[in-house]
Amino acid sequence: MRVLVCEDEKLLADAIAEWLRRESFAVDVAYDGDAALERIGVNGYDVVVLDRDLPVVHGDDVCRALVRAERDTRVLMLTAAAAVRERVAGLAIGADDYLTKPFAFVELSARVHALTRRTRPAAPPKLSRAGIVLDPSRLEVTRDGHFVPLSRKEFGVLAELLRADGAVVSAEDLLERAWDEHIDPMTNVLRVTVMKLRRKLGDPPVIETVPGVGYQIR
């Protein structure tokens, strides 16, 4: 899942981003509205965590731009204004949820998780294929009933392959969904991650490489 954090207080923005990365999200950060619009124009996001009072381009205008684009991106609006009329105004602009400052990070991540569930068709609570069972809520993976310890990125890549339900997932899509905009598309990090996944999942191998295209689990 990919998230854009738009917040002009850099320490807060970076802290939110780090918290969400620990929750297995791929996170980009923008410190003003203009930078937010630039990233939104280039990347696809499941959720935008949007401070309402952004400099350069106001957060309200960023939200309106997202609504006009008719994307499936969900908006969690942040603001210090706690009045009911302020919350109503933010929702009327097009925000999907509203969180007032100060807030608990655990609540923010819970709201982001809830919003990401709205960006995709309903899916089973657990993903399974080839004897592998992945539980997104517990961040746990088993194969043939045996627990498989995975890193966050390994878990993210495996989840995308299982969601594809046997279809091939391109390397570009895996990099976009499991990492963030700072990843070098020429890096071998995906190949290394898949290699580690194969080793941890054990025999017989289940992740197949489709030369020049990507990876799949049949």
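Reader: In this predicted model, which residue forms a salt bridge with Arg22, and how many residues apart in helix H1 are the two partners?

Author: In this predicted model, Arg22 forms a salt bridge with Glu18, and the closest N and O atoms of the two are 3.6 Å apart, which lies within the 4 Å limit for a salt bridge. Arg22 and Glu18 both belong to helix H1 and are separated by about one helical turn, because their spacing in that helix is 4 residues.

Reader: How many salt bridges does a search of the whole structure find, and what is the count between domain 1 and domain 2?

Author: The chain is divided into domain 1, residues 2-119, and domain 2, residues 127-217. A search of the whole structure finds 14 salt bridges, while the count between domain 1 and domain 2 is 1.

Reader: What is the N to O distance in the salt bridge of Arg177 and Asp46?

Author: The two residues meet through their side chains, Arg177 with Asp46. A salt bridge requires a nitrogen of Lys or Arg within 4 Å of a carboxyl oxygen of Asp or Glu, and for Arg177 and Asp46 the N to O distance is 2.5 Å.

Reader: How much area do domain 1 and domain 2 bury between them, and which residues of domain 1 lose the most area to domain 2?

Author: The size of an interface is often given as the accessible area lost when the parts come together. The centres of domain 1 and domain 2, taken over C-alpha atoms, are separated by 28 Å, and the contact takes 13 residues from domain 1 and 8 residues from domain 2. Between them the two domains bury about 870 Å², with 32% of it on carbon and sulfur atoms. On the side of domain 1, 47% of the buried area is contributed together by the residues that lose the most, namely Arg2, Ser24 and Ala26.

Reader: How many residue pairs are in polar contact across the interface, and which element gives the most to the side of domain 1 that touches domain 2?

Author: Across the interface of domain 1 and domain 2, 2 residue pairs are found in polar contact, with both residues at pLDDT 80 or more. Helix H1 (10-22) and strand E2 (26-30) each supply at least two residues of the side of domain 1 that touches domain 2. By class, that side has 4 nonpolar, 3 polar and 6 charged residues. The element that gives the most to it, with 4 residues, is E2.

Conventions. Residues are numbered from 1 along each chain as its sequence is written. This is a predicted model: local features need pLDDT of at least 70, side-chain atom pairs count only at pLDDT 80 or more; totals for chains, interfaces and linings use all residues. Side-chain values use heavy atoms; hydrogens and water are left out. Domain bounds come from an automatic or database domain assignment. Contact means heavy atoms within 4.5 Å. Buried area is the accessible area (1.4 Å probe) that two parts lose on being put together, summed over both. A polar contact is a pair of N or O atoms within 3.5 Å; within protein, one must be able to donate a hydrogen and the other to accept it, and residues adjacent in sequence count only if both atoms are side-chain atoms. Ala, Val, Leu, Ile, Met, Phe, Trp, Tyr, Cys and Pro count as nonpolar, Asp, Glu, Lys and Arg as charged, and the others, Gly among them, as polar.
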